[in-house]
Amino acid sequence: MFHFDRGLKLTKADLAVDFKRRMPRGFISHAHNDHMARHQYALCTPATARLYQHRLGMRDVLELPYRMPTEWGGMRLTTFPAGHCLGSAMLLAEDGDQSLLYTGDFKLTESLTSERAELPKADILVIESTYGQPTYCFAPRAELVGQLIEAVRKALERGQTPVVEAYALGKAQEVTKLLTTHGISVLQTKPVFEISQVYEACGMTLGNYVLFEGLPREGHALVAPPGAHRGSNLQGIRRPCRIAVTGWSLDRNSHRRYGFDHAIPLSDHADFNELLEAVERVDAREVHCTHGPESFVDELRNRGVNAYRLGVPASQRERLLF
Ligand SMILES: [Zn+2]
């Protein structure tokens, strides 16, 4: 059904799944740079197609709208929402004998700016298990959103400019919508703003936000990609209050280490409990784990799941902070 060739390949369709290197035929689960390349021919959801073409230029794409099975390469391919960012998809591939569900990056909790994840049952599950350790159990999302809003409001009251650092595709748009729905206007740096325009073109409205042109505006929070404070274009912000929004905030003292005033673990990835829930819901006879720690495979085996590790162990990967 599948094999591993420095990435997951669906054997019958010769379809590369989320490869970072150019392939003749590549499925793209979502438009984060670590999941795509300039493929000769790409398969993805309509929203991912727009984001992919925004980032990598106009390219040939076969669009796979959610829940609409497509016969392709001798297989039946169906995408389902992954809840990670706009357009993010899980892929259900069926070859007539067996079915395989590939999750890509996903989360089960709801988001204001992506469709809620759906998990069909499958014979084989390939699951992205980034936060596959019990230390990564996030507080209820409403509580974390409350922490974000409070940190931003207090900074504004003190006359500071809240600078929320969130990756440019997905998290930045969700943070923007969370702030604007709470009555806080938003400035966005150019990379974030341009992606927000694609979101709007896909029908995802984000509220009252404008392009940041170098100077703070009263009552506005600034949303910028991680590391933006090191560049020259935030020099006009005299009194920043730096807020990180990432699941890695649960790592002890991470915010002090990176110079943040606040770090809020509002994540676009499933936490440990959501990963276990996903495995249970898909109810596959074999489960292959990617990205996460080896201990998650052991955890599943201890629970009676026929689990394996797929690809390079997490310890050998460069760990993404955001
Ligand atoms: Zn991602």
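A crossing of two helices is called left-handed if the near helix is turned anticlockwise from the far one by less than a right angle, and right-handed if clockwise. With that settled, the crossing of H1 and H4 here is right-handed.

Some housekeeping. This is a predicted model, in which local features need pLDDT of at least 70 and side-chain atom pairs count only at pLDDT 80 or more, while totals for chains, interfaces and linings use all residues. Residues are numbered from 1 along each chain as its sequence is written. Helices (H or I, at least four residues) and strands (E, at least two) are DSSP runs, numbered from the N terminus.

Back to the helix pair. The axes of H1, residues 46-56, and H4, residues 190-201, come within 10 Å and cross at roughly 150 degrees. Axes are lines fitted to C-alpha atoms, for helices over the stretch in contact, and angles run from 0 to 180 degrees between N-to-C directions. H1 and H4 are therefore roughly antiparallel; angles over 145 degrees count as such, under 35 as roughly parallel, 65 to 115 as roughly perpendicular and the rest as oblique. H1 contributes Arg-50, Leu-51 and His-54 to the contact, and H4 contributes Ile-195, Val-198 and Ala-201. Contact requires C-beta atoms, placed from the backbone, within 7 Å.

Next, strand S12, residues 161-165. Is S12 enclosed or open, and why? Five of its five residues are buried, so S12 is largely enclosed by the rest of the structure. Buried means 20 or more other C-beta atoms within 10 Å of the residue's own, exposed 12 or fewer, and partly exposed in between, with C-beta atoms placed from the backbone. Thr-161, Val-163 and Glu-165 cover one side of S12, Pro-162 and Val-164 the other.

S12 pairs in the parallel sense with S16 over five bridges, and Thr-161 stands opposite Pro-240 there. Two strands pair if DSSP finds at least two bridges between them. S12 also runs parallel to S15, joined by three bridges, with Glu-165 partnered by Ala-224.

The loop between S15 and S16 holds Gly-227. Gly-227 is exposed, with 11 other C-beta atoms within 10 Å.

Last, the open sheet. Seven strands form it in the order S7-S8-S9-S10-S11-S18-S19, with mixed pairing. Its edge strands, S7 (70-72) and S19 (307-309), each pair on one side only. S18, residues 286-290, pairs with S19 in the parallel sense over three bridges, and His-288 faces Tyr-308 across that pairing. Helix H6, residues 272-282, lies across S10, S11 and S18, running at about 165 degrees to S11.

Technical notes
Contact = placed C-beta atoms within 7 Å.
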